[in-house]
Amino acid sequence: MNRALILKRVAVIAAAAGLTAGCALLSTPDPVQMYRFGASEAGMQAAPPAPTGALRPVSMRRIEFSEAARGDRILAITGTEAAYLGGARWVSPADQLFTEALLGAFSDQSRNTRLIGPREFSRSALSLDIDVRSFEARYAYEGAVPVAHIVARARLLQFPDREVVDERLFT
């Protein structure tokens, strides 16, 4: 075979491959189901307003999540197998949704505490430190209804010496 014919065939194959790749780039990807969590507005019952100046400020540190649950992927456990749910995502990273839900719950339901979020510049003598150790959907068997499994350690710290005022494990 002569060299010109070989180069022509390679050019035709490369052009065909390029067109096929272009079709893949223009195709519509499979839809991803998006999920959120937190209290719904309809289900929340606001606490009666506290008297002015009666709210005890508590600074909330950035909530720590395990690496497996930190992002927008949804972790599922079936028996001894762990996997992320295909085609499903949180609308925002789980740690951000958890923080927003906690701030909202304190804002709507607490009569004597004002939780100061990690984005606010104001600080107080008390600080809330939360470490989420487990945040996953557990299935007893394949095809079963999932059960949300969340384990978090919360500590209330007194500043400036960082003395632990209270510590609890929530499951």
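A pocket is here an open set of grid points with protein on both sides within 12 Å along at least five of seven lines, and its lining residues have an atom within 4 Å of a point. In this predicted model, the largest pocket is lined by 21 residues, and those nearest its centre are Phe 106, Leu 128, Ala 154, Leu 156 and Phe 170. The space in this pocket amounts to about 480 Å³. Two or more lining residues come from each of strand 2, helix 2, strand 7, strand 8 and strand 9 (163-170). By type, the lining holds 13 nonpolar, three polar and five charged residues.

The protein contains two helices and nine strands, and from the N terminus the order of elements is α-β-β-β-β-β-α-β-β-β-β. Of the 171 residues, 25% count as buried. The accessible surface comes to about 12200 Å², with 57% of it belonging to carbon and sulfur atoms. Among contacts between residues at least 6 apart in sequence, 60% join residues at least 24 apart.

Next comes the interior. In soluble globular proteins, nonpolar side chains tend to be buried together. Here the largest nonpolar core has 20 residues, and the members that touch the most others are Ile 63, Phe 65, Ile 130, Val 132 and Phe 135. Strand 7 provides the largest share, five residues.

Val 132 shows how one core member is surrounded. Beyond its neighbours within four places in sequence, Val 132 is in contact with Ile 63, Glu 64, Phe 65, Ser 66, Phe 98, Val 151 and Ala 152. Two of these partners, Ile 63 and Phe 65, are themselves among the core members with the most contacts to other members.

Strand 2 also holds Ser 59. Is Ser 59 buried or exposed? Ser 59 counts as buried because its relative accessibility is 3%, and the cut-off for buried is under 20%. Leaving out residues up to four places away in sequence, Ser 59 touches Ile 116, Ser 122, Arg 123, Ser 124, Leu 126, Ser 127 and Leu 128. Leu 128 is also one of the residues nearest the centre of the largest pocket. Ser 59 and Gly 117 are 58 residues apart in sequence, yet their C-alpha atoms are 6.4 Å apart.

The loop between strand 8 and strand 9 contains Pro 160, Asp 161 and Arg 162. The peptide bond from Phe 159 to Pro 160 is cis, with omega near 15 degrees. Asp 161 has a relative accessible area of 54% and is therefore exposed, the cut-off being over 50%. From Asp 161 to Ala 125 the C-alpha separation is 9.8 Å, across 36 residues of sequence. Arg 162 is not a glycine, but has a positive phi of about 60 degrees. With a relative accessible area of 40%, Arg 162 is partly exposed.

Key:
Residues numbered from 1 in each chain as written. Predicted model: local features only at pLDDT ≥ 70, side-chain atom pairs only at ≥ 80, totals over all residues. Heavy atoms only, no water. Helix = DSSP H or I, 4+ residues; strand = E, 2+ residues; numbered from the N terminus. Buried < 20%, exposed > 50% of the residue type's maximum accessible area, 1.4 Å probe, protein only. Contact = heavy atoms within 4.5 Å. Areas by Shrake-Rupley, 256 points an atom, 1.4 Å probe, with all protein chains shown as cover. Core = buried A, V, L, I, M, F, W, Y, C linked by side-chain atoms within 4.5 Å. 1 Å grid on protein atoms, 1.4 Å probe; cavity = no way out; pocket = protein on both sides within 12 Å on 5 of 7 lines; lining within 4 Å. Points joined across faces, edges and corners; volume = space filled by probe spheres on them. Nonpolar A, V, L, I, M, F, W, Y, C, P; charged D, E, K, R; others polar.
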